[in-house]
Each structure stands twice: as structure tokens, then as C-alpha cells.
Amino acid sequence: MKVLYVEDDSRDTDLLLRKLARESPHILLALASTLQEARSCLSAGRTFDAVLLDLHLPDGNGLELLAEIREKSLLLPVIVLTGMGDEAVAVAAFKAGANDYLVKRPGYLDWLPQALETAVSRFCAEKSRNERPITVLYVEHNPVDIELTRRHLSVYAPHIHLKAVYSPKEALSLLHPADGQPGKYDLLLLDYCLPGLSALDVLKVLRQEFNSTLPVVLVTGQGDERAAVQALRLGASDYLPKRQDYLLQLPSVLESAFYHTELVREQAALRKSEARFRRMVENAQDIVFCLQLYPKRHFEYISPAVTAISGFTPEEHYLDFDLLLRAVYPEFRETLNAALGGKVSIDRPLSFPIVSKAGRLVWLEVWGLPTYDQAGRLTALEGIARDVTERKEAEQELLQSREQYKKLADSIADMFYALDERLCCTFWNRACEAQTGLTSPQVIGRTIFEIFGENEPAQQLARELRKSLADQTPRNFELIFPAAEQRRYLDVTAYPMGKNLTVFAKDITGKKLAEEALKESETVKSSIIEAIPDVLVRFGRQGQILDLVTDERYRLRLKNHYYPGVNLAEMLPQDLAASRILFCIEETLETNEVQSTEYALETSTGSREFEARFKACGPDEAVAFIREITDRKRYEEQLKYCGLYDQLTAIYNRAYFEEELQRLSGGQEFPVAVISVDLNGLKLINDTMGHEKGDELLKTCACILKQSLRGSDVLARVGGDEFAAILPRTGQQAAADVVARFNENIARFNQEHPEFPLSVSVGLAVADKSETPLKEILRRADDLMYNDKLMHSKSARSQILTALLTALAERDYLTEGHAQRLTDLSQKLGELAGLSAKQLSALALLAQVHDLGKVGIPDHILNKKGKLNDEEWKIMRQHPEKGYRIAMSSPALAPVADLILKHHEKWDGSGYPLGLAGEDIPVECRILAIADAYDAMTNDRPYSNAKSRDEALEEIKRCKGSQFDPKFAELFISLF
């Protein structure tokens, strides 16, 4: 509600603002301290629901503003609020159009908000009433009068709608209760002189025949006093002569007749309703009362039901108000007196016992509607008093029954609680308190989610309980509540009882944990049994099979399978059953110690090895774990072999060799010769040709050595490229013959396989007597072998290098003279670039051997027609480094080793293997790169077809500055 408050006293304004903000925040004030400010607020287009107006203002009297509001027809209720007025001022305010007049007496702020709301409500009702349209049926035979009347009403009373007819007959047809529409019109306006029937005749028909209560106003220009009296006697609401100003009076006369008739109807309906209400009250079983409390306490009305309930008649209560208080039990009198005095709120029913006239205890429950005066004082109380004695007695019995129920429920060891249809707790026994730590006051009225939390167990509990409520059948289920230390298991049973539920919950955590532990133990045992690759057999003392536990994958592959009830003698050879198996069973039963045995058995898949371990599991029973160990035996043999022999060459290893040295040192087989052999250049072969080629040479060397020795001699591989042989009962000359035979075999092999010659260094030492330790003899042989290695190392490397160059030359068939063409092109470009004689010599050698490292690249990569994959390209990029290592091993090639390493570097640094750029790349490599690229493009390769000379030169021109040195690229192009 928006209110314009016109007040010049700031203290009054502040007090009212505080009061409204605290108790009536819906009432909003706009403030004006002068008449001028108030006029501005009203003319600024702002809307207000009311004006609260002080009369004494700095620039005039508030009544001036009130008069202006009414003159301008502003539809606003105006409430005058003043502290200095008198009777004359109040009368003047109401005459000026005030809707209420309030005085600033002490405590006026308490009732001012209600007064504002009442004034606004009353104003709105009056406004609504004045705006209500009134439909008038006008019976007039003169068209001029009809037109004048219609024009006047349209201007001065537009809410009055006129329907004109020219004859009484037409009017009666419209108002006939059966054929017409009498409810369509609110009022009948009759001209006194009408053709046919007179206005009085029309009145008679309406009142006597139609029984109509429609208000009727008569107008006439020829009537007299007798006609007016007769019309009023017949039921006319008013009588208006057609004088000069009668049209000015007509709207108010019509409104007065209409609202008077409405008031009469409402009063009749009210009397009828009051009579009906009185009959209801007089016959009601409850006491209906109206109690006046100020200024004096007395009953204005009390219904006859009081006699049936208390035994006292209404008249007795009218005469003696304190009769009620004396009948009330003493301990309740103070509370009742406080309520009647307004000291205790009576917004709820009051219950108290009284002693009836016959001495019977009667409980009354009183509902009261209080009435307060402007000072906030309780002045009256209207209400109903009901006899609730039976209910109180039932409540007492229910309370006693509930106490017994609670004692019984608290004696139950399991959790027991009750829920309503919203799953709110209504009962909680002591077991619940003990197991949850929540007392009854903490959980009563709370939902299961508020008690147990918003978790999955509570959700499951809610689902099951709702199902039980829905189908009205008991439900049993288990809940698992997670906890930090240990989960809790509950066995829950819910019993529906209409819209309520009773729930029993038994803590079965101990039982569940024991079951889980047992299940886990059984699972572990079962998993162990299923996982072990054994057959578990339970035997009786005589060898009969009592039980068999195994997975089908591990069943013994016997011609006759083990089955319960079968005896060992029926499936095993008699000697094995009797001498081995039955003996172990008997021994473990007697000693209670584990017995084991291994045996071979012919099965459907051939001969197999088994191990059986026996343990007593009763006085006459033993369990056997039977495992097939055929593979284990095979592995043991392999391990034994590996412990004696070298896996690559299939000759003895160093461990066996040293054992033989130790054995022969104290024997009688002297003289003993020891030969030490080393394969020359193995590392170079491994680095360039790969370890497969190196392993092949090792096996060849071992084979030739073995062929050169006698059957009694011991040959072993004692290092990566070292071999040693022990020759028992062999002197110096016989040993030398063996070495000579070995060298002859090596030479024969090299003649047959010139591509990779086998080069070895040999040392020989002989122990004539046992006083000389054989380990010392081995050391002497090693020293002599190393001396031989020093003498032949250069020739060995030379032989290997020659073999590698030969292999490189043999691969030159792929490029048909690539090395020679490259030499010619690079020499021409080098001379044009001004290289020295030394640089030209190095460039010529580089052109011949730059691809030396490719001898270690597999043919399938070198000859691949398509694009190399990542792994193949990785291998191909290794050839500069391999060529570098080969060249470094040869004094003749060492000067160009660095050039071989860097011959695939590019001018922009994108080459390999070092990523050098610009002039950091040796000049020979930069020249070779251009010549090599040109030759590769102008000749067929496995991965590309040859280009023309111009196409190749154009590509070199395109790549100068990125792949090639731009200066040398231009010089090379100028050669053509």
C-alpha cells in the first residue's frame, strides 16, 4: 500500500516510519512537509492508495488540500491525522470529504496501520458501489421526455443505462417472471400517465401478480398528493413530479431507490440467515458464547448446550460470571484468568477441566475469536466450547498404553522403531539409542535420511519401506552401512500398519564377518588348490583312492585315470605300487612326517616323470600331492648342459675348462699342453658387419679347432673371442703338431672363403711335471698368444679391410661404376674450386671409400625399391659411423675417416650424423655431396629411375643453400 503522508513534524514522521517498517512493511510512505510538496506529488503522475493528512502545515491548512482533491475528483481516500483539533474541525473535515478523522492520542501508532487499511478498504468498497452500472427500464409514451432523460443521464450519471419502451403492455411483457427477463433490469421508471394501463395498474400487476420486488420510481407532470400516496402504498420506491429541475434530482432518486431496495433485500437475507444461525446455535451440541470482557466481564450470549455439558443454565451464567471460574479446577484458574485478561495469547485452543453441577469432571476445549480496542485491550471473546471429556479419557488410556508399549519396546534387545507415511520417526527404543548414539528427542520427527544420512543404505531402506507401504506386506532385507573401522550389517524386517510402519533391525555384523571370513578362507583354499599344478589324492592305508581333487587341465595323462574307489594296484605296476607308493603311505601314517618319492610312468603320451609327496590327514588316511616333473627334469638336464657348454659354439665353457685344469693339476696325465687361441678383428667385424657375422666366424673357428684336436682333448670358449684347449699326455712336439694342423686348416678355409678370411693368434705352453700349476701354464700360453697377436695384428686388420673393400666393390654392380664416376666428377669440381693437391688426393680416396660403412647394411634395405620405413632408415643412417670405424682401423684410410663420418652433412644443418652446417662441414664433403647427388639422379637406382642431365642440374640449383654449398653448386652447374 502506497500512502502520501503530509506532516511537518519530523519526530512524528520518524516514529511512524519505524512502526511501519517493524510491523507493517507492506505500507510504504511518501513524505511531504508542506501543502506545496503534497500538490507536487499528486500532480507528478505518481499513484497513491491513500493520503494521510495533518491539518496544521507551514503554508496553510490541510483542509485546503482535501478540498482540492475532491474538486479535482481524485479517487483517493483521505484520512485526517491531527493532535490539536476539536469537534468543529472534525465536522468540517468530514464535510470537506474526509474518509476518516484520527487524533494523535497516546498509543495512536498501535492502531494507525489498521485504521489506514480500514479506510482504504471502505473507500474502495464505496467506489466500487458508485461505479456499479444500473439498468433502468423507462416506460414513457412521450419521445421528447425519453430523449431529454437519456441525454441528461449520459452526461451526469453515465453508469445509469436507460432502456425505453412506449407502452405498459410492452414493459410488463419484459418483466413477466415466466416469459420476460425480469432479472435483466435493476429498476423501473414509470411515467404516471400512460396509454392503456396507468402507472398504478402496472404497480398492482408487478406487486400482486408478479410478486416482484423490483424498485419502481414514478414521474409525472399531472399528479397530485393523492396519486403520490396511492403509488407509495402500492409499493413504489419514490415519486418525483416533473418540475423544472427534476432531471437534476433524477440520478440520485434512482440510485437511492436502487440501493434502498438492495439494502432491504440484504436485511431480509440477513434476518433469515440470523434466524437460521440461531437455530443452529440453539441446537448445537457445543457451547456457543459471546463474552464481554471490558469494561465489565459478563456473558452477552451463551447457548443452551451449556446446560447439557455443565448442568448450569445460560441464565445462571448471565447472572453470575464467576460461576465459570469457580467450576474450573483450581490449578487451571490462573491460566484461564490470564487468558481472559489478555495476558496470555489465545491463538490456540484452551483445554481445562471443570466440575459440573452434578459433581462430574468435564473437560472443555475452547476456541475463541478475540476483539481488541484501539488501545490494544482485549474487550470481547466469541467462540465455541466443546466437551472433550471422552477424548481426554481416551488420550489418558492411550498414554498409559503407550507407556506400556514403550516399556515393552525398550526391553527388546534389537533395534525397534516406528515411522509414519513420510518415513519420519515416531518411536525409537533404547536399543536404537545404544547402537546409534542418538536419543529419542534427537530423532523423533526426523526422516530416515536425517537420521542415517544421504547414503546408499538409507536410499535402499527408503525403497524397501515404500514398497512395504505400497503393497501392505512385510519385507525382510539386509543393509550394509559403511564405516571407517568396520562395516555394519543389519537384518531388517518392516511391518506395514496402514499408513505407518514398525521396523525391527538386528545387528548381524558379527555373524556376517564370520561368514565372510569363512567364505574368504574357503575361497583362498579353493584358489590355492585350483592354482597348483598338482593332483590331490586322498588315499586309504591300503592304497585305495578315497577322493580326487584336481583341475581337468592337470589330470595325469594315464592310460587308466585315477577315480575314487580304485586301488593303486589296479592302475600302477605292482612293484611301483607296493615298493614306493604304499611304503610312503605307511611311513607318513606311522611317523606323521612328510614322505616323498619320484618315479617314471608310461602314460598315453609317452614316458613321464612324477613327484609324489604324502602327509597324514587322519589315522588311516593320507593326502598325496602328485606333480608331473617331466619338464622340470628336462630343464634340469638343460641347465646341466648350460653349466658345461658354451651356447654359441657348442664346446665347453670357461667354468668346465677351469674345473678340468683343477682336476688335471693333481692327476697322472702329465705332460699336459695348453693352447690359447684368439680370433683377430672380431670387434671390427661386429661393428661393421653385425654380430651375426661375428658369431658365424666364432662358430667357424671353434669348428676348425675341434677338427684339429684329438678326442681326448678338452676345447673350451673362455672369452668373447678367446678359445683354450687342454691336451693331456701331450709333449711339446705333439702339441706343436696340433697347432700346425690347426693353422693348415685355417689356411684351407681362407682359400675356400676369401670374402672374409679367418685370422687367429695362437700360444702354446707345456707342463712336463705336476709341480708346475696348470693355471701358470695357461698364463704362459696366453702371453705367447698375445705376442703372436702383436706380430700379426697389422696383417690381420689389412686382410679384414681388404675383404670389406672387396665386398664394397662387389656391391658396386648396383650402381654400375658409381665410385669411378664420382671420382671423376669430384676431381673436376675440386680443381675448379681451387683445392690443393693434398685435398684433391683426399677427395679422390673419399670418392672411392665414402660408402664403406654400407658393407654392414643388409641387402634388403640397400636394394629396397620403395621408401624406407623409420626402422630401416635408422639402420641406413648408421653407415657413416660404421665407415668411420672401419677407416680408423686402417692406417691407409685413417686420413679420410673424418671425411667418411661427415659426408652426409647438409649446408643448412639438417644432415646426419652430427648435424653440422655451413663451412663447419669439410670442403671435401661439400664437393662430394654435390657430385654424389648428381650421379644418383642421373643413374637408375632401386628406389628411383634416372633423370636427365638438365633435370638433375635444376634440382641441384633448387637445393643450393639448403642441401648444398651455394658457391660449389654454381661451379658444378658451370661444368656442363
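On a 1 Å grid over the protein atoms alone, a cavity is a set of points where a 1.4 Å probe fits but cannot get out. Grid points are joined across faces, edges and corners, and a volume is the space filled by probe spheres set on the points. By this rule there are 6 cavities of 30 Å³ or more. The model is predicted: local features need pLDDT of at least 70 and side-chain atom pairs count only at pLDDT 80 or more, while totals for chains, interfaces and linings use all residues. Residues are numbered from 1 along each chain as its sequence is written, and side-chain values use heavy atoms, with hydrogens and water left out.

Start with the largest cavity. Its volume is about 310 Å³. It is lined by 25 residues, of which Phe289, Leu324, Phe352, Val366 and Ala385 are the closest to its centre. A lining residue has an atom within 4 Å of a point. Helices (H or I, at least four residues) and strands (E, at least two) are DSSP runs, numbered from the N terminus. The elements that give two or more residues to the lining of the largest cavity include strands E13 (287-292), E14 (298-302), E15 (350-355), E16 (361-372) and E17 (378-387). Helices H11 (305-310), H13 (322-327) and H14 (330-340) also give two or more residues each. E16 supplies the largest share of this lining, 4 residues. By class, the lining of the largest cavity holds 21 nonpolar, 3 polar and 1 charged residues. Here Ala, Val, Leu, Ile, Met, Phe, Trp, Tyr, Cys and Pro count as nonpolar, Asp, Glu, Lys and Arg as charged, and the others, Gly among them, as polar.

The peptide bond from Tyr294 to Pro295 is cis, with omega near 10 degrees.

Now turn to an open site. A pocket is an open set of points with protein on both sides within 12 Å along at least five of seven lines. The second largest pocket has a volume of about 360 Å³. Its lining has 15 residues, and the closest to its centre are Arg402, Tyr405, Ala418, Thr426 and Phe427. Helix H15 (389-410) and strands E18 (415-419), E19 (425-428) and E22 (500-507) are the elements that give two or more residues to this lining. The largest share, 7 residues, comes from H15. The lining of the second largest pocket divides into 8 nonpolar, 4 polar and 3 charged residues.

Strand E8 (residues 134-139) is mostly covered, with 5 of its 6 residues buried. Buried means under 20% relative accessible area, exposed over 50%, and partly exposed in between (1.4 Å probe, protein chains only). Two strands pair if DSSP finds at least two bridges between them. E8 pairs with strand E9 (residues 160-165) in the parallel sense over 6 bridges. Thr135 has His161 as its bridge partner in E9. E8 also pairs with strand E10 (residues 187-191), again in the parallel sense, over 4 bridges. There Tyr138 has Leu189 as its bridge partner.

Some backbone details follow. Ala650 has phi near 65 degrees, a positive value in a residue other than glycine. Ala650 sits in the loop between helix H22 (630-644) and strand E28 (652-653). Its relative accessibility is 40%, so Ala650 counts as partly exposed. Arg729 is not a glycine either, and its phi is positive at about 50 degrees. The loop between strand E31 (722-727) and helix H26 (732-752) holds Arg729. Arg729 counts as exposed because its relative accessibility is 56%.

Gly510 belongs to helix H20 (residues 509-531). At 52% relative accessibility, Gly510 is exposed. Gly510 and Arg488 are 22 residues apart in sequence, and their C-alpha atoms are 8.8 Å apart in space.

Finish at helix H34. The loop between helix H33 (897-902) and H34 contains Pro913. The peptide bond from Tyr912 to Pro913 is cis, with omega near 5 degrees. Within H34 (residues 923-937) lies Asp932. Is Asp932 buried or exposed? Asp932 is buried, because its relative accessible area is 16%. Not counting residues up to four places away in sequence, Asp932 touches His818, Leu822 and His850. Contact here means heavy atoms within 4.5 Å.
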